[in-house]
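Dear colleague,

Here is the structure you are taking over. My notes on it follow below.

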Amino acid sequence: MEFKHYSVMLGETLEHLNIQPDGIYVDGTLGGGGHALEVVKRLGAKGSFYGIDQDDAAIAAAGARLSGYTDKITLIRSNYCNMKAVMEEQGVSKVNGILLDLGVSSYQLDTLERGFSYKYDTALDMRMDRRQTLTAREIVNQYSEMELFRIIRDYGEDKFAKNIAKHIVAARAKQPIETTGQLTEIIKAAIPAKMRQDGHPSKRTFQAIRIECNHELEVLKNSLEDMIELLQPGGRLCIITFHSLEDRIVKMAFKDAESPCTCPPHFPVCVCGKKSKGTVITRKPILPSQEELEENSRSKSAKLRVFEKSME
């Protein structure tokens with residue numbers, strides 16, 4: 001299947017990256033290269049672009065899409081949590097802009113064997129990086145009932161998390177849960193029809209298992225400080241999130257980077273010595289336009305937040 005991924009809030013992201021023709025830019029979630037292509041088009045002779053993705057299919061697809069700009073691009077298969085080390089290996093200590101689009105690609109959702117979607121009956125997988133050993137199948141069949149309850153409650157924010165976990169454990173005691181279709185039927189049985197929340201009954205549980213399988217929230221939380229440090233003075237970090245858990249992490253990290261002082265409010269002067277690293281450009285997140293929502297329903301939960309490194 002062709003690697004498809006609608007570039008969410010493309011215009012807004014390009015505007016807020018504030019692209020300098022001779023700058024250095026990094027996309028930590030390269031995907032099919034949609035955002036990347038438009039960034040590269042705006043670079044001059046001395047500009048350079050680094051694309052990072054842990055999905056081999058994304059690297060291949062982006063390489064094809066960006067084939068006309070090989071003098072400006074470097075593509076690296078890795079997780080964006082390794083961005084600082086990866087850039088050091090490339091001899092780059094500071095960059096002018098960083099982009100993260102945290103959404104699951106349409107390719108990943110719609111490719112049956114990847115096992116991300118509840119719309120198809122296929123093997124449980126959900127790995128963004130197919131080199132890793134942990135899959136959704138292992139989580140569903142090997143995690144304890146308490147662990148399943150925790151991830152469905154915390155990562156899926158499903159009020160039926162306890163009952164879903166209980167049903168999963170009861171079902172797998174009879175036979176292993178091998179497919180997305182089996183899991184979907186178990187989830188449906190755990191939620192009374194009249195009590196089902198917005199959307200498909202499996203949506204929240206599938207999100208929770210995917211987040212756990214790929215350690216998505218830990219990776220995000222542990223990467224933001226490094227990415228801000230990697231920015232040149234005046235450089236910008238643009239992050240598109242797709243659910244409240246991600247957005248909360250980004251919002252708080254940006255706020256802490258802007259106002260890191262830990263002194264009590266009544267202190268007349270700061271004595272903790274922690275200085276602001278920059279400015280939150282987006283006091284409120286930027287949301288997709290009505291036109292974009294009509295064109296791509298998957299963008300409806302997207303939020304863009306932007307941080308600018310202080311001029312040192």
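Helices (H or I, at least four residues) and strands (E, at least two) are DSSP runs, numbered from the N terminus. By that scheme, Phe149 lies in helix 7. The model is predicted: local features need pLDDT of at least 70, side-chain atom pairs count only at pLDDT 80 or more, and totals for chains, interfaces and linings use all residues. Residues are numbered from 1 along each chain as its sequence is written, and side-chain values use heavy atoms, with hydrogens and water left out.

Not counting residues up to four places away in sequence, Phe149 touches Ala161, Lys162 and Ala165 (contact means heavy atoms within 4.5 Å). The C-alpha atoms of Phe149 and Ser297 are separated by 29 Å.

Helix 10 covers residues 203-214. Of its 12 residues, 10 are buried, so helix 10 is largely enclosed by the rest of the structure (buried means under 20% relative accessible area, exposed over 50%, partly exposed in between, with a 1.4 Å probe and protein chains only). Among the buried residues are Phe206, Arg210 and Glu212. The buried residues of helix 10 pack against several helices, including helix 7 (145-156) and helix 11 (216-230). Just after helix 10, His215 has a positive phi of about 50°.

Ser78 sits in the loop between strand 3 (73-77) and helix 4 (83-89). Ser78 is buried, at a relative accessible area of 11%. Leaving aside neighbours within four places in sequence, Ser78 is in contact with Ile52, Asp53, Gln54, Val86 and Arg131.

Regards

Note on methods: The expected span of a helix is 1.5 Å times one less than its number of residues.
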